Amino acid sequence: MAAVKDLEKSLNDIFVNKAPALPPKVKKTIVEYLPWINLALGVFALWAAYGLWHWAHIADRLIDYTNSLNQLYGAPVLPTNRLSATVWLGLAILVIEAIIYIAAFPATRARKKSGWDLLFYALLVNVVYGLAVLFTDHGGFASLVSSVIGSAVGMYFLFQIREEYLGKSSKPTTASVKKA
């Protein structure tokens, strides 16, 4: 866990201290709609997992049909299965990512750091997904690059609003109002 905290600290330096800051209104808008964006991303990740599963089954059926035609005409039969270990790994990672996004909904809605942490983990899982599909027929290098770029863009926005989830509110508290 210390490695993740060190990574978070390093990325905070990159995306907050070295990158251009978002305007306060944009940050406020992102924080306001982020729980709903998480929910949508979770649903899209589940949809992507279903799409991957469906694609592999369709490919298997087409290959089976082709093999039956090949066998009928004496051509070689292609022994293949599109539901390989890497496809199952990709499916598992997508489902985990979806669960993390959906689980982040209540905590980001309450502006808790735990919600922000879940989103950070989801973006890291997205990079892992890119690595997992690197070696599949439906993925490849382009999938890895798009996962890394998507996660980097997501982390930029996530780190720009991080202060909203650290519990340091700029709104006056009842204790500060009583002192004044």
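Figure 1. By residue class, the lining of the largest pocket comprises 14 nonpolar, 3 polar and 1 charged residues. The space in this pocket amounts to about 390 Å³. Its lining has 18 residues, and those closest to the pocket centre are Ile-37, Leu-41, Tyr-101, Leu-123 and Gly-154. Helix 2 (24-73), helix 3 (85-109), helix 4 and helix 5 each contribute at least two lining residues. Helix 2 provides the largest share, with 7 residues.

**Figure 2. Helix 1 (residues 2-18) and what covers its buried residues.** The 17 residues of helix 1 reach 23 Å from the first C-alpha to the last, close to the 24 Å expected at 1.5 Å a residue. Buried residues in this helix are Glu-8, Leu-11, Asn-12 and Phe-15. An α-helix has 3.6 residues a turn, so residues three or four places apart point the same way. The cover over the buried residues of helix 1 includes helix 4 (113-132) and helix 5.

Figure 3. Arg-162 counts as buried because its relative accessibility is 17%, under the 20% cut-off. Beyond its neighbours within four places in sequence, Arg-162 is in contact with Glu-8, Asn-12, Lys-113 and Trp-116. Two of these contacts, Glu-8 and Asn-12, are themselves buried residues of helix 1. Arg-162 and Val-16 are 146 residues apart in sequence, with a C-alpha to C-alpha distance of 9.1 Å.

**Figure 4. Residues 169-180, where pLDDT stays under 50.** For this segment the model has 2 contacts beyond four places in sequence. Where pLDDT is low, the predicted coordinates should not be read in detail. The protein chain averages a pLDDT of 85, and 89% of the residues score at least 70.

Methods. Residues numbered from 1 in each chain as written. Predicted model: local features only at pLDDT ≥ 70, side-chain atom pairs only at ≥ 80, totals over all residues. Heavy atoms only, no water. Buried < 20%, exposed > 50% of the residue type's maximum accessible area, 1.4 Å probe, protein only. Contact = heavy atoms within 4.5 Å. Helix = DSSP H or I, 4+ residues; strand = E, 2+ residues; numbered from the N terminus. Expected span 1.5 Å × (residues − 1). pLDDT = per-residue confidence, 0-100. 1 Å grid on protein atoms, 1.4 Å probe; cavity = no way out; pocket = protein on both sides within 12 Å on 5 of 7 lines; lining within 4 Å. Points joined across faces, edges and corners; volume = space filled by probe spheres on them. Nonpolar A, V, L, I, M, F, W, Y, C, P; charged D, E, K, R; others polar.
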